[in-house]
Amino acid sequence: MSTQVTITIDGAEITAAVGQTIIEAADAAGVYIPRLCHKPGLDAFGGCRVCTVTANGRPCSACTQPVMPGMIVQNDTEKLRDFRKTLVEMMFVEGNHFCMFCEKSGGCELQALGYRMGIDVPRFPFLFPKRDVDASHPDILVDHNRCILCARCIRTSRDVDGKQVFDFVGRGAHKRVAVRTGTRLADSDAEVSDAAVEACPVGALLKKRVGYTTPIGARRYDHEPIGSDIENGEEN
Amino acid sequence: MSVVTTSNGMKRVVIEPVTRVEGHGKVTILLDEQGEVQQARLHIVEFRGFERFIQGRPFWEMPVAVQRLCGICPVSHHLCAAKAVDRIVGGENLTPTAEKMRRLMHYGQMFQSHALHFFHLASPDLLFGFGSDVAQRHVLGVAAAHPELAKQGILMRKYGQEVIRLTAGKKVHGTGAIPGGINKNLSTDERDFLLADLDQMVAWAEGALKIAKDYTVDNLDSVAGFGSFDSNHMSLVRADGAMDLYDGVLRAVDKDGNVIFDGVDQQDYLDYIAEEVKPWSYMKFPFIKSIGPENGWYRVGPLSRINTCDFIDTPLAEAARVDFMSLTDGKPNNITMAYHWARMIEVVHAIEKIKELLHDTDLQGENLVTKGKGRREAVAILEAPRGTLFHHYKVGEDDLVEQANLIVSTTSNNVPMNRAVEGVAREYLSGKEITEGLLNHVEVAIRAYDPCLSCATHAMGRMPLVVELVDAEGTLIDRKGKDTADVG
C-alpha cells in the first residue's frame with residue numbers, strides 16, 4: 001500500500017503522507033490554515049475550531065481529520081474566512097483581552113490572528129467577565145482574563161512535562177483551566193522551566209517579571225502576519 | 001456657551017467644553033442680578049479611575065498600563081511608573097545607557113508636547129488676540145495667516161515624536177522603559193536620523209522662544225495682571241539646584257522665592273504634600289502640609305520650574321532663564337501668561353539636551369538592565385511637561401499592585417487654575433454683556449497652564465453627578481445630586 005496520498009486544497013494538488021492530518025499536510029505544502037489550539041508536537045485536540053475546513057464538502061477541524069486519497073479540501077473561501085473570523089471575535093469578547101498593555105502584544109497568536117483576519121471591532125458585545133489572576137507562584141503568573149481554553153498548557157504539562165499541573169473544570173460558559181492539586185498554582189509542582197509555561201498562545205500563562213523585554217519591532221509578529229513562516233516554507 | 005437662570009435669580013454661564021486643552025472640562029460662572037461675577041469654577045467632568053483598576057495587576061505592567069492615562073504625554077507616565085518599578089526590582093541605579101535613553105525619550109516628549117501646546121493650542125490667542133474672531137482663532141487660522149510658523153509647529157512636534165519612537169518603540173504608548181532599565185539602545189543609524197534635523201530644530205526652538213518672550217514683554221501692561229496672583233511654586237531640581245526634568249529632589253518656594261522645603265527625597269513626599277477632595281470636581285486638591293489646605297496650594301509646570309531652579313545646565317536655555325528672571329529682579333515670576341515664555345525656555349533646554357545626548361556614545365551601550373534587592377513600596381517623581389508628576393505603588397508578596405496613588409501635574413495646578421478663572425471672570429465679565437470673545441478670556445487663562453484634564457481625574461467615591469431640570473424659559477426648577485449642597 002502506498003504511503004502517499006494526493007489531496008487538493010482549494011483546487012491545488014498536494015501530496016501528503018498517510019496518517020497525516022489535513023493541517024499537517026497543508027503545513028508541509030506551505031498552505032496556511034489558521035489555528036490556535038493546534039501545536040506541533042502535541043496530540044490533536046480540535047478544541048478551538050479555528051482550523052475548520054471542508055473535506056469532501058463536510059466541515060471538520062483540519063487538526064484532527066486525517067487525509068484520505070483524493071480528498072477535496074476547501075480552506076480559503078469567503079464562507080470559511082467569515083466563520084473563523086466569527087470564532088476569533090467570540091474569543092475576544094468572551095475574555096478580557098486588553099492588547100494595549102498586555103505584555104504578549106506583538107507575540108500573541110490571538111492578536112496576530114485578529115490582525116491577519118482584519119478584525120477591527122468585534123461584531124458581538126464584550127462580556128467583560130470577572131476572572132482571577134493567580135500570582136501565587138513565585139515565578140509564574142496565570143491571568144485567566146486572557147485564557148481562550150486551548151488546552152495547550154494542560155496537554156503540554158501532561159504530555160511533555162509529565163506533570164499534569166492543569167486541567168479543565170466546569171462546563172459550557174463556566175469552563176476554565178484550573179490547577180489539579182489545589183486552588184493556586186503555588187500548590188502545584190509547576191516550575192518556571194516547564195514547557196507548559198511557553199505553550200500558551202496568549203498572555204494567560206507567563207513567566208513573571210519578563211514583561212516587555214523584547215522591544216517593539218523585534219516581536220514575533222511585528223513585521224510578518226501569523227502563518228507567514230508556513231507560507232514561506234520555514235520551520236514553525 | 002449656555003446661560004441658565006437659577007431659582008434665586010442668579011445667572012449661570014457655562015463654557016462647555018473648554019476648548020484647546022487636553023481632555024474635557026467645563027467652566028461655570030455665576031452672575032448676580034447686576035451681572036457681577038459671584039463665583040467661577042473650572043470643573044473636570046471626565047473620570048478615569050486608573051488608581052483603582054491597576055490594583056491586582058502585576059507591577060511590571062505599570063509603565064505600559066498607566067501611560068494609557070494620556071495620549072499627549074504618555075511618556076511622562078511611562079517613565080514615572082518605570083522609575084517606581086525600578087525600585088521594586090532594586091534596579092534604581094540604572095546603567096548609563098538606560099538612564100540616557102530614558103532621558104532622551106523624556107526630552108523628546110517635552111519638546112513635542114510643548115510645541116503642540118504653543119503652536120496648536122495657545123498661538124491663536126497670542127497671535128490674533130483673546131477676543132478675536134472665533135472663525136480665525138484656531139490652528140487652521142494660524143496656518144492661513146502664518147504658514148511658516150504652523151509648519152514649524154507641526155515639524156517640531158514630529159521631531160519629538162520621532163525621538164520617542166526610536167527610544168520607546170512607538171510614537172505613542174511605547175514600551176521602552178522596563179523595570180531596572182530599557183529594552184533597546186539607540187543604533188547609529190537611528191542616531192544619525194535624528195541628527196539630520198537637529199540644527200533646524202534648535203533654530204526653530206529659539207524662534208519660538210523669541211515669539212513667546214516678545215509677546216510677554218511687548219504686552220506686559222495687559223498680561224502682567226491677567227489671571228495672575230502670588231503663589232508658591234514647586235518642582236524637582238537636581239541636587240546642585242539645576243533644572244532637572246527627569247530626576248532629583250523636591251523644592252518648593254513661596255511667592256518671594258523663600259524656600260519652603262528643599263532637598264526632599266522623592267520617597268518622603270507624603271511628609272510634605274497632602275491632598276484634599278472636593279465634591280464638585282473629580283480632581284483632588286494637593287497642598288503643602290506645613291502651610292495647610294487653605295494657603296498651601298502651589299503651582300507646578302514650566303513657570304514654577306524656572307522659578308525654583310538655580311540655573312539651567314544648557315547654555316541657550318540658561319541665557320533665556322537669566323533674561324526671564326531679570327523681568328522680576330530675580331524673584332519668582334507670578335504672571336500666569338509667563339507660562340508660555342517659560343515653556344519655550346524648556347523647549348530650548350529640551351533640544352539642547354537631545355543634542356548633548358545624541359553625541360554621547362553611551363546611547364549605543366549594550367548594558368541595558370540592572371536589578372538588585374527589591375522592595376514592596378516605591379515612589380517616583382518626574383517633571384512632566386505640565387509639571388510635577390507623582391507615582392506611588394505598594395506591591396504584595398505575589399508581585400501584584402495593592403495600592404496606587406497618582407498625583408498628576410494638572411491636579412497640582414487645580415487651585416491656581418480656579419484662581420485664574422475667577423480672577424479673569426471678575427475682571428473681564430462683571431457688569432458686561434457676555435460675549436464669546438469675553439468668555440475666551442477665561443479659557444486663555446486656563447490654557448496658560450496647558451492642563452491635561454483627562455490625566456487629572458482620580459478622586460474616587462465622591463461622584464458629583466448632578467441632574468438639572470430646566471423649564472422652557474430656561475429657568476432652573478429642580479436639581480438633584482449626590483451632594484447637592486456643594487454643587488454650584
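# Two chains and how their parts are named

Me: Which domains does the domain assignment of chain B give?

Reply: Chain B has domain 1 (2-45 + 413-486) and domain 2 (50-412); these bounds come from an automatic or database domain assignment. Please keep in mind that this is a predicted model, where local features need pLDDT of at least 70 and side-chain atom pairs count only at pLDDT 80 or more, while totals for chains, interfaces and linings use all residues. Residues are numbered from 1 along each chain as its sequence is written, and chains are lettered from A and ligands numbered from 1 in the order in which they are written.

Me: How many residues does the contact take from each domain of chain B?

Reply: Domain 1 of chain B gives 38 residues and domain 2 of chain B gives 43. Two residues are in contact if their C-beta atoms, placed from the backbone, lie within 7 Å. The C-alpha centres of the two domains are 28 Å apart.

Me: What makes up the side of domain 1 of chain B that touches domain 2 of chain B, by class?

Reply: That side has 18 nonpolar, ten polar and ten charged residues. Ala, Val, Leu, Ile, Met, Phe, Trp, Tyr, Cys and Pro count as nonpolar, Asp, Glu, Lys and Arg as charged, and the others, Gly among them, as polar.

Me: And between the chains, how many residues of chain B are in contact with chain A?

Reply: 19 residues of chain B meet 16 residues of chain A. On the chain B side, seven are nonpolar, six polar and six charged.

Me: Why is Gly57(A) called exposed?

Reply: Gly57(A) has 7 other C-beta atoms within 10 Å. A residue is exposed if 12 or fewer other C-beta atoms, placed from the backbone, lie within 10 Å of its own, buried if 20 or more, and partly exposed in between. Gly57(A) therefore counts as exposed. It is found in the loop between strand E3 (52-55) and strand E4 (58-61) of chain A; strands (E, at least two residues) and helices (H or I, at least four) are DSSP runs, numbered from the N terminus.

Me: Which residues have the most contacts inside the largest nonpolar core?

Reply: They are Met62(B), Phe111(B), Ile345(B), Val347(B) and Val421(B), in a core of 131 residues. A nonpolar core is a set of buried Ala, Val, Leu, Ile, Met, Phe, Trp, Tyr and Cys residues joined through C-beta atoms within 7 Å. Helix H4 (residues 96-128) of chain B supplies the largest share, 13 residues.
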